[in-house]
Amino acid sequence: MHSPLPPLNSLLAFESAARHLSFSKAADELFVTHGAISKQIKGLESFLGVPLFIRQHRKLLLTDDAQGYLIQVQSALQTINNATDEIKSQQMRAQTLSINVLPSLTINWLIPRMEEFKQRHPHLYVDLSIGDFAVDFDNSRCDIAIRSAQHEPTDANFIKLMDEDLCLVCSPLLAEQLKTVEDINKMTLLKHTTRPELWPYWSQQVGLTLTTDKKFGMEHFYMLSQAASGGMGVALIPRFFIEEQLADGSLVIPFDTGFTSPYIYYVLTPKSSNLSLKAQAFIDGLLEIFSPYRN
């Protein structure tokens, strides 16, 4: 039967205080108070039955017993640290994480932002695919999916990523013909075919009755952005998706009529299982990427 071991927190407090020869510096390093360090040291000294520090005016010294103990404690803590790093890296090594993402997120937006995640987790192979179909985790090979919906998902665990901030955009040349919001009815409406309600929803928000019969339908926001920058018409596109085009001037916002659409972006995982380490690592990275857009 093993002998009782001292509490880990007391060993951490002792190692830090002995290394710095300062309770204050140990407190700063371990994000606790000076009093907490002092209490841990006193508890460890009581457990061991020997003093560990010689407390002099403005000076802290190690006892002979403490000097030998420090070497052993540091060695043990390093062994624990190495073993922990090894088992964590083994869980990530040579594993595949299958992710299915909306086309509007992958094309020219998410993929360039994945380099940092790749550097953090070099042993994790990410298999990225696109899709906007309903996700059936029971019969699908994907571990994580990103979808947009008007209501919270009921058949999967989910985390909200962001609301959808839509902008009315067009080419700079076309913007010169738009003097008032009513001039939209003189334009071709570039329509997202899987979200036909966006234009009626927008017109209701801005108080405009749409009368134009000039429409051009496209399946993805990427196609809409290309058509809009080419002067084919006006489009409603999420702001995050067209940041570069707004910055370089190929797309402009002719009127300040931005609005939040009914759609919300979610990251989905299987409902019945605990998150694997690889999935949690990716979701943590996603939340960091999306942080500027999250409410």
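## Before we start

In this predicted model, local features need pLDDT of at least 70 and side-chain atom pairs count only at pLDDT 80 or more, while totals for chains, interfaces and linings use all residues. Residues are numbered from 1 along each chain as its sequence is written, and side-chain values use heavy atoms, with hydrogens and water left out.

## The sheet

Let us begin with the strands. Eight of them form an open sheet with mixed pairing, in the order β4-β3-β5-β10-β6-β9-β7-β8. Strands (E, at least two residues) and helices (H or I, at least four) are DSSP runs numbered from the N terminus, and two strands pair if DSSP finds at least two bridges between them. β4 and β8 (215-218) stand at the edges with a single partner strand each, so one side of each has no neighbour in the sheet.

Within this sheet, β5 and β10 pair in the antiparallel sense over five bridges. Alanine 145 has leucine 268 in β10 as its bridge partner.

## Two pockets

A pocket is found on a 1 Å grid over the protein atoms alone: it is an open set of points, reached by a 1.4 Å probe, with protein on both sides within 12 Å along at least five of seven lines, and its lining residues have an atom within 4 Å of a point. A volume is the space filled by probe spheres set on the points, which are joined across faces, edges and corners.

The largest pocket has a volume of about 220 Å³. Its lining has 14 residues, with Leu102, Asp132, Ser148, Thr194 and Arg195 nearest the centre. Two or more lining residues come from each of α5 (103-110), β5 (144-149) and β10 (259-269).

The second largest pocket has a volume of about 170 Å³. Of its 13 lining residues, Ala134, Val135, Arg147, Asp155 and Leu268 are the closest to its centre. β5 gives the most to this lining, with three residues.

## A buried glycine

Where does glycine 131 sit? Its place is in the loop between β4 (124-130) and β5. Glycine 131 is buried (under 20% relative accessible area, with a 1.4 Å probe and protein chains only), at a value of 7%.

Beyond its neighbours within four places in sequence, glycine 131 is in contact (heavy atoms within 4.5 Å) with Asn100, Val101, Leu102, Pro103 and Arg147. Glycine 131 and alanine 227 are 96 residues apart in sequence and 21 Å apart in space, C-alpha to C-alpha.

Methods
Buried means under 20% relative accessible area, exposed over 50%, partly exposed in between (1.4 Å probe, protein chains only).
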